[in-house]
Structures are given as C-alpha cells and as structure tokens.
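This briefing is meant to be read alongside the sequence and the structure.

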Amino acid sequence: MRLRIKSTKLTLQIVSGLQIVGGITGLGLVAYLMLQTGQINGAILLIFLIGLALFSYSIYSGKRLLTDEEKVTGIILSIINQVLQLFQWSMFGYGVSYSSGAETTLGIQGATLKFNIAAIVSTFKMSINTDDEFFIKINLIAVLIIFVLVDIVKELKNDNEASKNERPESTVQ
C-alpha cells in the first residue's frame with residue numbers, strides 16, 4: 001500500500017525536512033527556556049539536556065534520511081524519532097511531551113477529549129513532581145509517518161530482492 005506523495009524520494013525529503021526544521025525550532029525552544037530559567041539545578045539541567053538530545057537526534061535522523069545513499073539506516077533512525085514522539089502523558093506528578101516539526105494529537109485531558117493540530121512547531125515538556133493535570137495523548141502525525149516509513153522500507157527490500165533476482169548468476173568453469 002502506498003501512503004505517499006508522488007514518489008519515495010519526495011516523501012523521504014518531506015519527512016527529512018520536517019525532522020530537521022522541527023529539530024532546529026526545538027533547539028531554539030530549549031535555548032529560550034534556558035534563558036528564561038532563573039536558577040538551574042541538577043534536575044532542571046537534566047531536563048534541558050534531554051530536550052537538547054531529543055531535538056539534536058531529530059536533526060541527525062533527518063540529515064541521515066536526506067543525505068545517505070543507503071536510505072534504510074536513515075529510515076530506521078527516523079522511525080525511532082517518531083516513536084519517541086508517539087505518546088504524550090502526564091499523571092501522578094510526572095509527564096513527558098515531545099514533538100518535533102508537527103503534531104496532531106488526540107487524547108484525554110482531565111475529563112474531556114482533546115484534539116490539537118500544530119504545524120512547524122516543536123514541543124518539549126518534562127514534569128517531575130508537579131501538580132499538572134492528567135492527560136494522555138497520541139500524536140497522529142507520528143503514527144502516519146511511522147506507517148509511511150515502514151511501507152518504504154518494505155518497498156526498498158522488495159526492490160533489492162527483485163534486482164538480485166534479475167542479475168544472472170556467474171558460473172565457474
């Protein structure tokens with residue numbers, strides 16, 4: 001099943017661009033938050049480092065997807081990046097929200113069903129021992145991108161197998 005725009009190459013370029021732009025805006029977000037934070041202790045520093053790592057990984061996976069000749073490695077890195085963005089939650093004083101590039105979330109917040117759409121935006125929030133409201137959400141953009149990338153991996157494997165079957169085997173005499 002082809003869940004793509006025109007071609008595999010164009011689809012990979014769009015996903016790559018989304019990850020790179022999302023990572024850059026996310027690094028800007030973390031830098032802004034660091035400047036707005038008065039005093040940074042160990043826990044806050046850890047949260048900032050996790051945010052920096054996630055957004056840096058988004059840029060790295062997007063770059064690998066864009067520039068690697070062998071696309072499978074970039075696709076696997078991108079799938080991992082999307083899995084990290086799949087769920088957003090907050091309960092019992094702890095929580096994590098991370099998205100890089102775009103999000104369309106559906107979930108429960110408090111006692112209501114919530115739906116949110118955001119494009120060219122990155123979010124990162126990690127809560128430790130807070131009184132934040134309960135929520136659990138799923139990022140539908142991440143789900144779609146995962147399905148598309150898995151479909152592309154299957155296509156690339158089928159193409160590789162077909163090209164191996166078309167090559168004549170050399171015979172030793």
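Helices (H or I, at least four residues) and strands (E, at least two) are taken here as DSSP runs, numbered from the N terminus. By that convention Val150 is placed in helix 4, which covers residues 140-166. The model is a predicted one, in which local features need pLDDT of at least 70 and side-chain atom pairs count only at pLDDT 80 or more, whereas totals for chains, interfaces and linings use all residues. Residues are numbered from 1 along each chain as its sequence is written, and side-chain values use heavy atoms, with hydrogens and water left out.

**Helix 4**

- The expected span of a helix is 1.5 Å times one less than its number of residues, and for the 27 residues of helix 4 this gives 39 Å, in agreement with the 39 Å that separates its end C-alpha atoms.
- Ala142, Ile145, Ile146, Val148, Leu149, Asp151, Ile152 and Val153 of helix 4 are buried, where buried means under 20% relative accessible area, exposed over 50%, and partly exposed in between (1.4 Å probe, protein chains only).
- The buried residues of helix 4 pack against helix 1 (8-36), helix 3 (71-84) and strand 4, with contact taken as heavy atoms within 4.5 Å.
- Val150 has a relative accessible area of 32% and is therefore partly exposed; its C-alpha atom is separated by 9.9 Å from that of Val72, a residue 78 places away along the chain.

- Asn139 belongs to strand 4, residues 135-139, and because its relative accessibility is 1%, Asn139 counts as buried.
- Leaving aside residues up to four places away in sequence, Asn139 touches Gln85, Leu86, Ser99, Ala102, Glu103, Thr104 and Thr105.
- A side-chain oxygen of Asn139 reaches to within 3.1 Å of the backbone nitrogen of Ile141, at the start of helix 4.

**Salt bridges**

- A salt bridge is counted when a side-chain nitrogen of Lys or Arg lies within 4 Å of a carboxyl oxygen of Asp or Glu, and by this rule there are two salt bridges.
- In one of them, Arg64 pairs with Asp68, the closest N and O atoms being 2.6 Å apart, and Asp68 is buried because its relative accessible area is 16%.
- Another joins the side chains of Asp132 and Lys125 at 3.1 Å, N to O; Asp132 counts as partly exposed at 28% relative accessibility, and Lys125 is also partly exposed, with a relative accessible area of 43%.

Note on methods
A polar contact is a pair of N or O atoms within 3.5 Å; within protein, one must be able to donate a hydrogen and the other to accept it, and residues adjacent in sequence count only if both atoms are side-chain atoms.
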